Structure formats: C-alpha cells, structure tokens
Amino acid sequence: MSDSENSDTASGASTHEEKPAPTPEQVAESDSFKQQANKKFQENHHNEAIDLYTKAIELNPGNHILFANRSFAHIKLENYGSALIDASESIELAPSYIKGYFRRGTAYLALGKLKQAKQDFTKAVKIEPKNTDARKKLDEVTKALRQERFNEAIGVDSAPPVVIDPANIEVEASYDGPHLEEGRVTAKFMEDLMEHFKCEKKLHKKYAYMILTQVRDILKAEASLVEVQVPQGEHITVCGDVHGQFYDLCNIFNINGVPSVDNPYIFNGDFVDRGSFGIETIFTLFGFKALYPQHMHLNRGNHETVNMNKMYGFEGEVVHKYTKDMMDLFTDAFRWLPLSHVINNKVLVLHGGLFSKDETNLQDLRKIDRHCEPPDDSCPMTELLWSDPINIPGRQQSKRGVGVAFGPDVAERFLKANNLELLVRSHECKDEGYEIDHDGKTITVFSAPNYCDQMGNKGAFIRFEADMKPKFTKFDAVPHPSARPMQYAGMGGFNIMQFLGGN
C-alpha cells in the first residue's frame with residue numbers, strides 16, 4: 001500500500017447514511033487491524049489481508065479507505081465483483097477520494113466494461129486534474145475503448161482467422177530446433193521440443209502453425225462434454241491452472257511422467273496468461289494433444305478467451321514471439337476446446353463450477369455450441385468457466401462479478417441428479433495446491449506453484465484410478481529464467497499492468 005492509503009486524512013465529504021460514530025477504542029483497534037492488513041497485502045497474503053480489513057471495517061464502518069484497500073486486495077485475487085462493491089462503498093462514503101475510482105475503474109476494466117471504467121477514471125481526473133497517473137489511466141482506457149469500437153465497426157471478432165499454409169513456410173538452415181518429420185508429432189519430437197524451450201529458443205513458425213492447425217482440427221471434432229474411461233489397472237492425472245509457468249509444467253512431467261497412452265492427463269484450463277512462458281506451455285500441451293489425441297485431454301478455462309488474453313499477457317506474448325495472425329489462430333483453437341470431461345461416469349471435471357439453475361444438467365453441457373466467446377449473461381457456458389464454491393448453503397452473487405458462488409447443497413443436488421460422485425474444478429489459487437470442500441464432493445486443484453512468482457503456494461495434481469478415489473501430489477515451484485509475470489501485457493493491445501500497481 002502507498003503511504004496515502006495508510007492515512008485516514010484523505011479528503012472527501014461523505015454522502016453515505018450516517019452511522020453511529022465508533023468509540024476512540026474502536027478506532028484504535030480498527031487502525032491496528034488495518035496496519036496488519038496492509039502488511040499482509042505487501043506480503044501478497046491477500047486473503048488474510050481481506051479478513052483483517054473486514055475486522056477493521058466492522059469496528060469503523062465509516063472509514064472509506066478501508067473499503068478501498070479491501071477492494072484492492074479483491075482485485076489482486078481477481079474477485080472483481082467484490083472489488084466493485086467495496087470500491088462503490090468507498091466512493092459513497094467519500095465522493096472525492098480518488099482511489100475509490102481507481103479501484104472501481106480497474107475492476108470494471110477486468111470485467112471488460114470499458115465504458116464504466118472510463119467514467120470512473122474521468123471522475124478521478126476531474127477530482128485531481130494534475131494527477132498524472134489518473135490521466136495516464138484515462139488515456140489507456142480511452143484508447144482501448146476506441147480500439148474496441150473500431151473492431152466492432154469492421155467486424156474483427158466475427159472475421160475468420162487468416163489461413164496460413166505451413167507448406168509455404170521455409171525452414172532456414174540456421175534453425176537448430178526440432179523438426180516435424182512428414183508433419184507428424186512424435187515422442188522424440190516432444191522430448192526435443194521441451195529441451196529446446198528450456199534453452200529459451202523458439203519452435204520454428206512452420207512447425208508452430210502445423211501443430212496449431214492439427215490440434216484445432218482435433219478439438220473441433222470433440223464434443224463439448226467429453227466422456228473418458230479409466231479401466232481397471234489404469235489411471236488418469238488431472239491438473240489445474242498452469243498459467244504459462246512452463247518450467248513448473250515440466251516439473252509435473254518429471255514427477256508424474258510425460259503424457260502417453262499409458263499415462264493420460266486432463267489439463268483443466270487456464271494454460272496461458274499471467275506467466276510469461278505461455279507459448280512454451282501451450283505448444284507443449286498442444287504437441288502432446290497432437291501426439292496422443294485420446295489420452296491428452298484439455299478443458300477450456302476462463303483465460304482461453306479474447307479479453308483475458310489481451311489483458312493478461314498471452315496475446316502480447318504471441319505477437320512478440322510470432323505474429324498477430326498466429327494469435328487469431330489460437331483464438332479459433334481455444335474456442336473449440338471442450339468445456340468439461342466426465343471420468344468413468346462418476347467425476348465431472350470443469351474449470352470453474354456449477355450453475356445458477358438446478359435444472360442445468362450434463363445433457364445441457366453436451367448441447368453447448370461452444371465455438372464463441374463466453375456470453376456476458378448468466379448461461380451454463382459462462383458459469384462453468386467462472387463459478388466458485390462456497391461453504392454456506394445456497395447460491396450467492398459471485399465475488400468475481402461473473403458466474404455464481406454455489407454452496408454444498410447445490411453441489412450435492414447436481415451430483416445426485418446426474419448420477420455423479422465428485423466435482424473437480426480449478427480456477428482458484430490454493431495454498432496447498434488443492435482444497436476439498438462440500439464434505440468431499442467438490443475438489444479444487446491448482447497446478448501453478450508460487451503463482452505469479454509471488455503467492456508462495458504449492459501446486460498439486462490428482463491421480464485417479466478406476467475406483468475414482470483421488471490421490472493428491474503436491475509440489476513446489478522450480479527456478480525459471482528471468483521474465484517477470486505478465487511481461488508481455490500491453491504488447492497485444494491493452495496494458496492491464498498499469499492498473500494493478502500501487503495506486
């Protein structure tokens with residue numbers, strides 16, 4: 001937190017409904033909780049920071065800075081819905097407090113609501129016309145909104161991707177990486193490719209396009225819900241988010257073996273963004289998909305989408321390492337990713353979670369016409385990518401601002417109605433790499449250790465044998481070459497990094 005957020009002397013008269021004034025003792029205790037929360041925030045322990053800010057707010061609910069600070073912690077956790085609520089409360093308490101508008105504008109941006117974001121940053125500039133950071137943020141949003149309108153006018157999102165024929169691309173004699181023999185991915189090619197990537201070298205664009213088009217066609221032939229069978233004596237491994245952390249992905253394979261006919265995997269979405277080795281990660285996963293299409297299974301995550309790739313680095317990384325045309329082909333392939341897998345008719349694996357309506361069932365998931373960006377409204381496709389479990393009954397508004405928060409009773413009814421035993425999902429960083437909720441009916445698995453090089457969490461994966469009893473393996477992060485998280489954010493268009501700093 002900046003010094004200004006440690007002070008309660010920020011200007012701004014409140015138009016909020018009057019609350020009983022806290023006692024001096026309550027103010028002092030609230031300030032103590034705030035200082036503890038600020039320390040936890042600086043240490044990247046954002047959940048703990050939120051808990052401490054909440055205690056501070058309970059003691060001094062009229063303090064607008066507490067709401068703005070808690071909003072910022074929610075933004076760090078991608079809880080954009082909760083961030084909006086807290087930022088709005090801060091603004092209502094103190095309409096001239098500029099950081100309230102910063103927080104709310106940033107949350108709107110992350111949700112793709114550029115018009116609302118522009119309104120908040122415009123207000124921030126009006127409050128402090130000489131604030132260069134506020135003006136810089138407004139300029140960035142205005143530029144992004146202008147680009148969005150231009151794209152809509154020329155029909156960019158509806159245009160088919162540019163057709164690239166890899167046969168017309170020559171491989172230079174100076175290229176020292178692996179070659180696709182007769183256009184086929186082999187086990188030796190994948191071994192060489194991962195070693196090539198570890199040396200921080202690129203796959204030749206000819207072979208990159210070949211793998212990408214092959215996998216796009218494989219995915220296109222798959223169902224939105226894929227049935228997987230694990231016979232007696234065999235197994236399958238389920239991994240969660242890897243988020244462009246290529247060296248940690250290699251570590252999973254070191255621990256558990258590379259994908260093969262005898263060692264199948266399901267990777268549960270969010271392959272890219274955040275980490276700055278997304279190209280290496282996705283071509284490793286797609287290469288194994290091309291090699292073992294029936295034994296390497298891939299679910300779509302909320303980060304295999306256009307808006308997230310623009311904001312969180314993958315588009316910029318693709319443009320930097322290859323071309324914009326290749327990004328268009330990635331977008332097409334991502335839209336063909338299946339949305340869920342069912343293992344042995346017992347375990348449902350999807351990225352986010354369950355649905356706003358009890359009536360939604362597996363047959364509805366099979367019917368989803370998935371080759372699109374997730375709709376903004378509540379629908380099964382969007383909800384399965386974004387929803388999260390909670391440990392109280394019923395449903396609540398999602399802390400993310402998209403999807404729903406679903407309780408143990410919702411999970412139990414869904415599983416029973418669909419003759420399932422277990423829901424496995426990802427989508428949330430967990431300190432131990434996994435978390436078991438809903439009396440063992442819902443499991444979260446997250447496979448990006450020390451997420452964004454700062455969270456200090458472990459990664460995990462789950463191994464299922466034919467009895468479908470989960471067996472967990474935890475692992476720590478491994479070293480990687482110097483490349484900061486989201487290093488390429490902004491190179492493909494909008495730079496979200498300008499909004500995630502200390503202001």
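**Group meeting: cores, a sheet and salt bridges**

Before going on, a word on what we are looking at. This is a predicted model, in which local features need pLDDT of at least 70 and side-chain atom pairs count only at pLDDT 80 or more, while totals for chains, interfaces and linings use all residues. Residues are numbered from 1 along each chain as its sequence is written, and side-chain values use heavy atoms, with hydrogens and water left out.

The average pLDDT (the predictor's confidence in each residue, from 0 to 100) is 92, and 91% of the residues score at least 70. Residues 1–15 fall below 50. Where pLDDT is low, the predicted coordinates should not be read in detail.

Back to Glu 140. Its salt-bridge partner is Lys 143, with the closest N and O atoms 3.8 Å apart; the rule asks for a side-chain nitrogen of Lys or Arg within 4 Å of a carboxyl oxygen of Asp or Glu. Lys 143 is partly exposed, at 47%. Helices (H or I, at least four residues) and strands (E, at least two) are DSSP runs, numbered from the N terminus.

Which residue forms a salt bridge with Arg 274? That is Glu 78, with the closest N and O atoms 2.5 Å apart. This pair links distant parts of the chain, 196 residues apart: Arg 274 lies in the loop between β3 and α11, and Glu 78 in the loop between α3 (64–76) and α4 (80–93). Arg 274 is buried at 8%, and Glu 78 is buried at 7%. By this rule the count comes to 32 salt bridges.

Now the sheet. It is open, with 5 strands in the order β4-β3-β2-β13-β14 and mixed pairing; two strands pair if DSSP finds at least two bridges between them. The edge strands are β4 (296–298) and β14 (471–475).

Last, the nonpolar cores: sets of buried Ala, Val, Leu, Ile, Met, Phe, Trp, Tyr and Cys residues joined through side-chain atoms within 4.5 Å. The largest has 72 residues, and Leu 348 is among those with the most contacts inside it. A second, separate core of 56 residues includes Tyr 209 and Phe 461. Thanks, everyone!

Terms used:
Contact means heavy atoms within 4.5 Å. Buried means under 20% relative accessible area, exposed over 50%, partly exposed in between (1.4 Å probe, protein chains only).
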